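Please keep the sequence and the structure in view while reading.

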Amino acid sequence: MKRIIRLFALLAPIAALAPPLCLGSQAPAHEPYQVVHGWPQLPPNFVLGQVAGIGVDSHGQVFVFHRAENSWAADKSQLISSPAVVCFDGASGKLQFSWGGGRFVAPHGLRIDPRDNVWVTDTALHQVFKFSHDGKLLLTLGTQRSAGVDAAHFNRPTDIAFGPDGSIFVSDGYGNSRIAKFSADGQFLLDWGHKGSGPGEFDTPHSVVVDAHGLVYVADRGNSRIQVFDAQGQFLKSWNSDELGRPWSLAMGPDNLLYVVDGGDGVAAHPEQGREQLLKLDLSGKILASWSRFGNYDGQLYWGHDVAVGKDGAVYVGDVSHGMRVQKFTRPHGRD
């Protein structure tokens, strides 16, 4: 016993100098991106609903498309009275402006085009909308509250992307499992895909992006893969692996790399059963970095639904389900 007491006496000063052990909330030091705590800065008495869509304009302003009161309403078929499009300053996180009250029912995808117009999809209205930066309606695709599978109809469209020539690609995801292509002025050109698991088939095409060469990348969520096509819908290749997981959303970064939200396999009652993460891929499909996991701490994901990347390389992700938030990630100082 005396020997044990002497040992504790020797170790006590050393233990006092050791840093405290912190569990749970902090990201591991080796992670390639770290969350920016305190971003965004929400005004008093303001809360975000489920964050379905997110995009960054050429000035670093971050547009968030959220479901506001329809996130928790018993009747989700009514128009959202609150502004569903909210803009934050990318650097400070301060609210800049908002618009879109009384216009949307089920907000889903959001993209910013090269001219800083804001495009969104509404899965209940079965429509795609193009707005000016300040919320003026410029173009509507699809027929309001009328599902279909032709040039004038969608069935719960999920996302939008833009080709180098200005052409528009719509992932007509939940109902039709196709990609529809339009000219820059909104004229229907072609479509491809149907329900299935083979090459060129889809099971919920949930997100779509186009690279600088015009190749089209589709997050085929139900099939846990990313499919790649040429601009005419010709299948080129497919990526799927345990490391890639289940892609929910895609964004093409200014570095010409592909950023992915792996939303996992969780169901609404047990989202913790599915792994969640963020990934960065080169355009051959090689995973260059991955970070985050399921949870509700800062830096974790609770049904990560959409991802966007600013010109400065900052990564933004929005949560639906109980997450109802948007987070910003940046590279740690001293890393390329």
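## Terms and basis of the model

A residue is called buried when its relative accessible area is under 20%, exposed when this is over 50%, and partly exposed in between, with a 1.4 Å probe and protein chains only. By this rule Asp 172 is buried, because its relative accessibility is 0%.

The model is predicted, so local features need pLDDT of at least 70 and side-chain atom pairs count only at pLDDT 80 or more, while totals for chains, interfaces and linings use all residues. Residues are numbered from 1 along each chain as its sequence is written, and side-chain values use heavy atoms, with hydrogens and water left out.

Strands, like helices, are DSSP runs numbered from the N terminus; a strand (E) has at least two residues and a helix (H or I) at least four. Two strands pair if DSSP finds at least two bridges between them.

Val 170 stands opposite Ala 180 in S12. In a regular strand the side chains alternate between the two faces of the sheet.

## The surroundings of Asp 172

Asp 172 belongs to strand S11. Which side chain forms a polar contact of 2.8 Å with that of Asp 172? The partner is Arg 178. A polar contact is a pair of N or O atoms within 3.5 Å; within protein, one atom must be able to donate a hydrogen and the other to accept it, and residues adjacent in sequence count only if both atoms are side-chain atoms.

Contact in the wider sense means heavy atoms within 4.5 Å. Leaving aside residues up to four places away in sequence, Asp 172 touches several residues, among them Gly 148, His 153, Phe 154, Asn 155 and Pro 205.

Strand S14 (residues 205-210) is mostly covered, with six of its six residues buried. S14 runs antiparallel to strand S15 (residues 216-220), and five bridges join the two. Ser 207 has Ala 219 in S15 as its bridge partner. The hairpin has five residues between the strands, and in it Gly 214 takes a positive phi near 90°.

## Salt bridges

A salt bridge is a side-chain nitrogen of Lys or Arg within 4 Å of a carboxyl oxygen of Asp or Glu. The count by this rule is eight. One of them links Asp 203 with Lys 195, at 2.9 Å from N to O. In this pair Asp 203 is partly exposed, at 22% relative accessibility, and Lys 195 is exposed, at 58%.

Arg 225 and Asp 220 form another salt bridge, with their closest N and O atoms 2.7 Å apart. Both partners are covered: Arg 225 is buried at 9%, and Asp 220 is buried at 0%. The side chains of Arg 325 and Asp 319 also meet in a salt bridge, at 3.1 Å from N to O. Arg 325 is buried at 15%, and Asp 319 is buried at 0%.

## Backbone features in loops

The peptide bond from Trp 39 to Pro 40 is cis, with omega near 0°. Pro 40 is located in the loop between strand S1 (34-35) and strand S2 (51-56).

Two residues other than glycine have a positive phi. Ser 292 has a phi near 75° and lies in the loop between strand S21 (287-291) and strand S22 (304-309). Is Ser 292 buried or exposed? With a relative accessible area of 13%, Ser 292 is buried. Met 324 has a positive phi of about 50° and is placed in the loop between strand S23 (315-319) and strand S24 (325-330). Met 324 is partly exposed, with a relative accessible area of 23%.
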